[in-house]
Amino acid sequence: ASEPAAGKVYQIGTDVTFAPFEFQDASGKFVGIDMDLMEAIARDQGFRYEIKPLGFNAAVQALESGQVDGVIAGMSITDERKLKFDFSEPYFDSGVIMAVRENDSQTRTYEDLRGKKVAVKTGTEGYRYAESIAGEYGFTIVPFDDSAQMYDDVKGGNSVACFDDFPVIAYGIQQGNGLQLTDEEKVAGASYGFAVRKGQNAELLRMFNDGLANLKNSGEHARIQEAYLGEGA
Ligand code: GLN
């Protein structure tokens, strides 16, 4: 096995706003579960990296074209993506859910979406799910580049609902982001993993997995999640 080149700084793509996994704090620094995990794993394994907040879809495309070495962005380990990328061991369980405006008492189920617009985020599992039921429930999809824009479209009343990952929606609602859940429950989804280009970055992937295993054993992985989600996360 070859050692990582001396002085190598891995370029890691991420989303722009996907709290509690990656988001900017008051000083503009990128924080969150993914950011803390990457930092702790790099420290444990002794490699250097740079975070590139490109947006989710752009980060995945940058990985595909080799402009970044890896992506950590609450990225679901799906069978389709496994054809293009190698994934780490899973580090967080997720799923997709619908959310509506806080004061909207009309939109309670998918049936209420008929003839309406629904906001989604390009390149995500939430988009895929909404698309898969759009015909049956007769709604139109409006795509956005990031979660903040998607939520704003719902809050502004252009779209009546949006679909995003359950842990992200739940965290946002808890922070008072102006959305609420409906009578629809979350749809089971794939867990999150760290991705590298298929067959291209075995060294980085091995270090991520080794570091993740060490953090799970030491309790650091649980501490990172609890720092954002509270006790028992
Ligand atoms: N988990 C979702 C996916 O992989 C969304 C990720 C994101 O928006 N950052 O498609």
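Student: What makes strand 8 (residues 117-121) mostly covered?

Tutor: Four of the five residues of strand 8 are buried, where buried means under 20% relative accessible area, exposed means over 50% and partly exposed lies in between, with a 1.4 Å probe and protein chains only. Strands and helices here are DSSP runs, E of at least two residues for strands and H or I of at least four for helices, numbered from the N terminus. This is a predicted model, in which local features need pLDDT of at least 70 and side-chain atom pairs count only at pLDDT 80 or more, while totals for chains, interfaces and linings use all residues. Residues are numbered from 1 along each chain as its sequence is written, and side-chain values use heavy atoms, with hydrogens and water left out.

Student: How do you know that strand 8 pairs with strand 9 (residues 140-144)?

Tutor: Two strands pair if DSSP finds at least two bridges between them, and five bridges join strand 8 to strand 9, the two running parallel. Within this pairing, Lys117 stands opposite Thr140 of strand 9.

Student: Why is Ala161 called buried?

Tutor: Ala161, which lies in strand 10 (residues 161-165), has a relative accessible area of 0%, so it counts as buried. Leaving out residues up to four places away in sequence, Ala161 touches Met98, Ala99, Val100, Leu113, Lys117, Val118, Ala119 and Val154, a contact being heavy atoms within 4.5 Å.

Student: Why does Asp69 count as buried, although it sits in a loop?

Tutor: Asp69 is placed in the loop between helix 2 (56-64) and strand 5 (70-71), yet its relative accessibility is 15%, and therefore it counts as buried. Beyond its neighbours within four places in sequence, the contacts of Asp69 include Tyr10, Leu63, Val196 and Leu204.

Student: Why is helix 1 (residues 33-45) called roughly perpendicular to helix 7 (residues 202-218)?

Tutor: The axes of helix 1 and helix 7 come within 9 Å and cross at roughly 100 degrees, which makes helix 1 roughly perpendicular to helix 7. Angles under 35 degrees count as roughly parallel, over 145 as roughly antiparallel, 65 to 115 as roughly perpendicular and the rest as oblique; the axes are lines fitted to C-alpha atoms, for helices over the stretch in contact, with angles running from 0 to 180 degrees between N-to-C directions.

Student: What makes helix 7 roughly perpendicular to helix 8 (residues 220-229) as well?

Tutor: Helix 7 and helix 8 pack at an angle of about 80 degrees, with their axes 5 Å apart, and therefore helix 7 is roughly perpendicular to helix 8. In this contact, Leu212, Leu215, Lys216 and Ser218 of helix 7 meet Glu220, His221 and Arg223 of helix 8. Just after helix 7, Gly219 takes a positive phi of about 90 degrees.
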